[in-house]
Amino acid sequence: MEKLSNIVKEFTGNVLCLGVKENSILKNLSNNDNISVYTIERKLSKRIFSKRKKAKVVKDEKGKKINIKKLRKTFKKKSIDYIVCDINEIYDYFKYFIYDSVVINKKKLYLYGDSKYIDPNVLAKRFERYYAKTEVFISDNQFIIIVDNETSKGSWMKSKCYIIVDTFHNMGDMISAALIS
């Protein structure tokens with residue numbers, strides 16, 4: 001993560017942070033005055049019969065909060081310069097996030113996370129379908145995927161097909177894991 005926190009110091013433009021909780025990265029982003037930061041809005045799950053806990057609001061955060069399900073509606077095509085994302089925080093929404101990030105990202109996307117449960121090479125291949133250049137760095141149990149979206153193209157028809165293919169692939173993985181265990 002030190003490599004990523006050093007890269008974040010040099011950002012200029014718009015930065016979208018999704019699920020970033022590392023203090024070193026957030027500190028470097030807040031110290032940089034040449035960027036505008038957007039963070040995701042977390043909604044609590046609704047409970048029917050029990051009381052819902054109130055979310056704690058952190059006032060020291062820099063940036064505007066957005067809804068992760070409305071990325072393409074919120075941002076125009078190729079309007080975000082950099083995206084920094086913790087893959088473990090948005091894994092449920094990841095099959096839609098691939099196409100959304102290709103459409104709204106102008107320069108680079110930085111994905112990081114724990115490689116125990118997620119194969120970074122498979123994730124890199126999913127971005128390469130949209131003609132994006134990817135680099136994968138793995139150290140210990142952590143990985144960083146750098147996706148260069150300058151040459152990427154997104155088609156909504158292809159994205160629908162890829163979502164179906166990825167869903168069947170994930171279901172196959174779940175079935176094989178259940179049979180093995």
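This is a predicted model: local features need pLDDT of at least 70, side-chain atom pairs count only at pLDDT 80 or more; totals for chains, interfaces and linings use all residues.
Ile164, Phe168 and Met171 form a nonpolar surface patch of about 320 Å². Three salt bridges turn up in a search of the whole structure.

**Surface and the nonpolar patch**

- The protein chain exposes about 11,900 Å², and 53% of that area is supplied by carbon and sulfur atoms.
- Methionine 171, one of the residues of the patch, belongs to helix α6.
- The relative accessibility of methionine 171 is 39%, so this residue counts as partly exposed.

**Overall architecture**

- Read from the N terminus, the order of elements in the protein chain is α-β-α-β-β-α-β-α-β-α-β-β-α.
- Of the contacts in the protein chain with a separation of 6 or more, 67% are between residues 24 or more positions apart.

**Strand β4 and its neighbours**

- Strand β4 covers residues 80-86, and seven of its seven residues are buried, so the strand is largely enclosed by the rest of the structure.
- Strand β1 (residues 13-18) runs parallel to β4, and four bridges join the two.
- Within this pairing, leucine 16 has isoleucine 83 of β4 as its bridge partner.
- Strand β5 (residues 105-114) is also parallel to β4, joined to it by six bridges.
- Here aspartate 86 has tyrosine 112 of β5 as its bridge partner.
- In a regular strand, side chains alternate between the two faces of the sheet.

**Helix α4**

- The buried residues of α4 are Phe94, Phe97, Ile98, Tyr99, Asp100, Ser101, Val102, Val103 and Ile104.
- Their cover includes the strands β1, β4 and β5, together with the helices α3 (71-74), α5 (120-128) and α6 (156-180).
- Residues three or four places apart in an α-helix point the same way, because there are 3.6 residues a turn.

**Isoleucine 25**

- Isoleucine 25 sits in helix α2, which spans residues 23-31.
- Its relative accessible area is 0%, so isoleucine 25 is buried.
- Leaving aside residues up to four places away in sequence, isoleucine 25 touches Leu4, Ser5, Val8, Val20 and Tyr112.
- Lysine 9 lies 16 residues from isoleucine 25 in sequence, with 8.4 Å between their C-alpha atoms.

- Side chains of opposite charge can pair when their charged atoms come close.
- Lysine 106 and aspartate 81 form a salt bridge in which the closest N and O atoms are 3.3 Å apart.
- This pair links distant parts of the chain, with lysine 106 in strand β5 and aspartate 81 in strand β4, 25 residues apart.
- Lysine 106 has a relative accessible area of 36%, so it is partly exposed.
- Aspartate 81 has a relative accessible area of 8%, so it is buried.

- Aspartate 166 forms a salt bridge with arginine 126, where the closest N and O atoms are 3.6 Å apart.
- Because aspartate 166 lies in helix α6 and arginine 126 in helix α5, the pair ties together parts that are 40 residues apart in sequence.
- Both aspartate 166 and arginine 126 are buried.
- A salt bridge also joins the side chains of aspartate 166 and arginine 129, at 2.7 Å from N to O.
- This pair too links distant parts of the chain, with arginine 129 in the loop between α5 and β6 (133-139) and aspartate 166 in helix α6, 37 residues apart.
- The relative accessible area of arginine 129 is 22%, so this residue is partly exposed.
- The relative accessibility of aspartate 166 is 4%, so this residue counts as buried.
- Through shared partners, the salt bridges join Arg126, Arg129 and Asp166 into one network.

Note on methods
Residues are numbered from 1 along each chain as its sequence is written. Side-chain values use heavy atoms; hydrogens and water are left out. Contact means heavy atoms within 4.5 Å. Accessible areas come from the Shrake-Rupley method with a 1.4 Å probe; for residues, only the protein chains shown count as cover. Buried means under 20% relative accessible area, exposed over 50%, partly exposed in between (1.4 Å probe, protein chains only). Two strands pair if DSSP finds at least two bridges between them. Patches are made of residues with over 30% relative accessible area and no salt bridge: like charges are joined within 9 Å, nonpolar side chains (Val, Leu, Ile, Met, Phe, Trp, Tyr) within 5 Å. A salt bridge is a side-chain nitrogen of Lys or Arg within 4 Å of a carboxyl oxygen of Asp or Glu.
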